[in-house]
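Student: Hi! Could you walk me through this protein model?
Tutor: Happy to, let's take a look together.

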Amino acid sequence: WSTFLECITSFEALELAVKDKRQAWKAQKASMEQQVTGLKKQVEQLEKKRRLYSWQQAEGIITDQELLAAHRQLKSEEGLLTIQMDRLKAFKGEESPMTLATFKRLAEYWSGDIANELWDATDDVKARFAELFDLQATIVPDKSQNGYHINMSANVPLEMEGDALGAYDMVFSSSRGGLKGERITLPKG
C-alpha cells in the first residue's frame with residue numbers, strides 16, 4: 001500500500017502523460033482544422049461546377065437532363081462533404097485535455113490532502129482503491145537475490161470521457177529501498 005501511495009503521489013510520470021495527451025490533442029486539432037479547410041475548398045469547387053453546368057445549359061452546350069444529372073451528382077458529393085465537416089466540427093466541441101497548470105493544482109491537492117488521508121486507510125478502502133485503479137502488483141526478485149522489485153500497473157483516472165472516468169494506464173516500478181522510477185505504458189483515450 002505504501003509503495004502504491006508513493007507512486008500515485010509522485011507525479012513525474014503522470015505529468016508526462018498529461019503533457020503527451022495534450023500534445024496529441026493539439027496535433028489532432030491542427031489536423032482536423034486542416035481537413036475542414038480542405039473540405040471547405042471542395043465545397044467551393046462544387047459550387048463553381050454547379051455555376052459552370054448552369055452556364056453550359058444556358059448556352060445550349062448541355063441539355064436540361066444533363067444539367068439535372070450533374071446537379072444530382074453535385075448534391076450527393078456536397079452531402080458527403082457536409083457529413084465529414086460535421087464530424088470534424090464535433091471534435092471542436094469536445095472538451096480539451098487538462099492543462100499542465102490544472103494538473104499541477106490537482107497534484108498539490110491530491111498529494112497533500114488525499115494521500116495523507118489514505119496513508120492509514122482501512123483494508124476496505126484499500127480494496128476499493130485497488131479496484132478503482134485496476135491495481136496489479138508483481139514482486140520480482142532482484143538479480144543479486146538480496147532484494148526485490150515491485151512492478152505495479154494501474155489505471156489512474158485523471159479526466160472525464162463523457163459520463164465515465166478517463167484513465168491513464170501506468171506502470172510503476174519500485175524496489176525495497178524506495179521508488180526507483182516510473183514509466184508510462186500507454187495513455188488511453
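Tutor: One term to start: helices (H or I, at least four residues) and strands (E, at least two) are DSSP runs, numbered from the N terminus. This is a predicted model, where local features need pLDDT of at least 70, side-chain atom pairs count only at pLDDT 80 or more, and totals for chains, interfaces and linings use all residues. Residues are numbered from 1 along each chain as its sequence is written, and side-chain values use heavy atoms, with hydrogens and water left out.

Student: Okay, how many helices and strands does the chain have?
Tutor: The chain has 5 helices and 4 strands. Starting at the N terminus, the order is α-α-α-α-α-β-β-β-β.

Student: And how many salt bridges are there?
Tutor: The count is 4. A salt bridge here is a side-chain nitrogen of Lys or Arg within 4 Å of a carboxyl oxygen of Asp or Glu.

Student: Which residue does R51 pair with?
Tutor: R51 pairs with E47, and their closest N and O atoms are 4.0 Å apart. Because the two residues are 4 apart in helix α2, about one helical turn separates R51 and E47.

Student: What about E78?
Tutor: E78 forms a salt bridge with R50, with 3.4 Å between the closest N and O atoms. E78 lies in helix α3 and R50 in helix α2, so this pair ties together parts that are 28 residues apart in sequence.

Student: Is R50 buried or exposed?
Tutor: R50 is buried, at 16% relative accessible area. Buried means under 20%, exposed over 50%, and partly exposed in between (1.4 Å probe, protein chains only).

Student: Where does R128 come in?
Tutor: R128 forms a salt bridge with D124, and the closest N and O atoms are 3.1 Å apart. Both residues lie in helix α5 (residues 123–132), 4 residues apart, or about one turn of the helix. Elsewhere, salt bridges that share partners join E47, R50, R51 and E78 into one network.

Student: Switching topic: which residues does Q56 touch?
Tutor: Setting aside neighbours within four places in sequence, Q56 is in contact (heavy atoms within 4.5 Å) with I61 and I62. Q56 sits in helix α2 (residues 12–58) and counts as buried, at 18% relative accessibility.

Student: Last one, what does the side chain of E66 reach?
Tutor: The side chain of E66 reaches the backbone nitrogen of T63 at 2.7 Å. E66 is in helix α3 (residues 64–93), and E66 is partly exposed at 43% relative accessible area.

Notes:
Polar contact = N/O pair within 3.5 Å; in protein donor to acceptor, adjacent residues only side chain to side chain.
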